Amino acid sequence: MPVSDDAARPVNPLRDPSDTRLPRIAGAAGMVIFGVTGDLARRKLLPAVYDLAHRGLLPAGFTLIGFSRREWTKPEFEAYVREAVEKGARTDFDENAWRRLAAGMQFCPGTFDDDAAFDRLAALTEEMDRDRGTRGNWAFYLSVPPAGFAQVCGQLKRAGLADAPPGSWRRVIVEKPFGHDLESARSLNQTINSVFPEDSVFRIDHYLGKETVQNILAVRFANQLFEPFWDARYIDHVQITMAEDIGLGGRAGYYDGIGAARDVIQNHLLQLLALVAMEEPVTFDPVQLRAEKIKVLRAAFPVEPFDRTTARGQYGPGWQGSEEVVGLRSEEGFDPESTTETFAALTVEISSRRWAGVPFYLRTGKRLGRRVTEIALVFKMPPHQPFRDEQTASLGPNTVVIRVQPDEGILMRFGSKVPGSSMEVRDVNMDFSYAENFTSDSPEAYERLILDVLLGQASLFPTNTEVELSWQILDPVLDFWRSSGRPETYPAGTWGPSSADAMLQREGRTWRRP
């Protein structure tokens, strides 16, 4: 049978997008950062943009425009960005890479209520399209409080910046929090979608940009080893923990009224739950991946009664390592009468054949024993043990732990015989470490997410539906806490309030101490 010329011609690896040896490089584009002088931009966004440029993942004509009320010149803006990059970049500072990036930097002074400033911004983007070859492709990063979203989006629409010329695109990037309850989240989504269609909205959850979070999908669906046991027949419960060892510090005023559940559980931890519990997608196309996460969130619900299945607390004075620290109510800028929690834990179940009856315990807190984020799948004990009780006294349940940070990797805990003449079984660990197995450092989450925005890859960004379903899960718990008085106080440096231990002990379980 004759072979066509096209079939016979070898694939050019320099042009084949499926060749995994090739890096993904963004096409012609520029980015505007609103709130460029803020803490997030200085610590995360600007270093991430430089790291992408240093790694050769941005186009030659990439343009970065900063928008702020400062009356800076271009050289002053460059000096500010350079300082942020030298302090926060993951990769080494390279003068040549810096000069290429700085050549495309511009600054637009103004405030969000200044029509003239947005008109200047529109003119500046058109100028960059001509001079830098950005081709009308612009991403607008709203590194501002949610209260400013509506005003900025309205100005972008008024100035014509939200409307892409034919063959080009416009995208908006928004940071959490995505509302403070279901009603406000819906209102916020409607505001943004009145200017940008949903497929042009990229909601940043930086945890989804972490390599180890994405590795959940690889571990589950690339291996026959795990998936057959990843269900209610074998798993007793799942613990998802994000613990911090720091206090509020200078964020006390911002944090009051938000709390640990809104700050972490509604977004980060429920997204991790969805990735752990979802069914295998047909492909990793954004539409397919999001559809499976949405199925999980639709089926998830908080377990009642909340006085037994949830816990909250505020950290008190104590010791963080060798340092004595003050309690929350002594933090500068925090209302000592506030009931805002710095520790939150709740129980979630999923109404599905795979997970029916398996509790997912979610917890997060500040001033805890150490900084760690992990997912622990705790297996059921075997239905029959041919050992005497004393032979397995040191044996616990099998556990698979996915460590998201800081020691990224996967740990498997199982029972093994202790060397010697007697039969004694105790727990041992098999420990996979990213740092020990891969020579290259993992990119920072914001590097991956910014690059995905420029590429139009939406897999790692929550949709309207995901955000609203997450609030539907959390809102009943928040409503209960609102009428439950002051949170319990726990000493700094411990693992939270006693009520958190009690919520698991009632079911014959205990929290892991990472």
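In which loop does Pro177 lie? In this predicted model, Pro177 sits in the loop between β5 (170–175) and α7 (182–193).

**Figure 1. Cis peptide bond at Pro177 in the predicted model.** The bond running from Lys176 to Pro177 is cis, and its omega is near 5°. Pro177 belongs to the loop that links β5 and α7. Most peptide bonds are trans.

**Figure 2. Cis peptide bond at Pro305.** Glu304 and Pro305 are joined by a cis peptide bond with an omega of about 0°. The loop that holds Pro305 runs between β8 (300–302) and α12 (306–309).

**Figure 3. The largest cavity and its lining.** The cavity count is two, taking those of 30 Å³ or more. Two or more lining residues come from each of α8 (211–221) and α11 (286–299), and α8 gives the largest share, three residues. By class, six of the lining residues are nonpolar, two are polar and one is charged.

**Figure 4. The second largest cavity and its lining.** About 50 Å³ of space is found in the second largest cavity. The residues that line the second largest cavity are Phe178, Asp205, Gln266, Asn267, Gln271, Pro462, Glu466, Val467 and Ser470. The lining of the second largest cavity divides into three nonpolar, four polar and two charged residues.

**Figure 5. Surroundings of Thr463.** Thr463 is part of the loop between α14 (445–455) and α15. Thr463 counts as buried because its relative accessibility is 10%, under the 20% cut-off. Apart from neighbours within four places in sequence, Thr463 has contacts with Glu198, Arg203, Arg290 and Ile294.

**Figure 6. Arg135, a residue with positive phi.** Most residues other than glycine have a negative phi. Arg135 is not glycine, yet its phi is positive, near 60°. Arg135 is located in the loop between α5 (115–131) and β4 (138–142). With a relative accessible area of 62%, Arg135 is exposed, the cut-off being over 50%.

**Figure 7. Arg367, a residue with positive phi.** The phi of Arg367 is near 55°, a positive value in a residue other than glycine. Arg367 lies in the loop between β13 (360–365) and β14 (372–379). Arg367 is buried, since its relative accessible area is 14%, whereas Arg135 is exposed.

Notes
Residues numbered from 1 in each chain as written. Predicted model: local features only at pLDDT ≥ 70, side-chain atom pairs only at ≥ 80, totals over all residues. Heavy atoms only, no water. 1 Å grid on protein atoms, 1.4 Å probe; cavity = no way out; pocket = protein on both sides within 12 Å on 5 of 7 lines; lining within 4 Å. Points joined across faces, edges and corners; volume = space filled by probe spheres on them. Helix = DSSP H or I, 4+ residues; strand = E, 2+ residues; numbered from the N terminus. Nonpolar A, V, L, I, M, F, W, Y, C, P; charged D, E, K, R; others polar. Buried < 20%, exposed > 50% of the residue type's maximum accessible area, 1.4 Å probe, protein only. Contact = heavy atoms within 4.5 Å.
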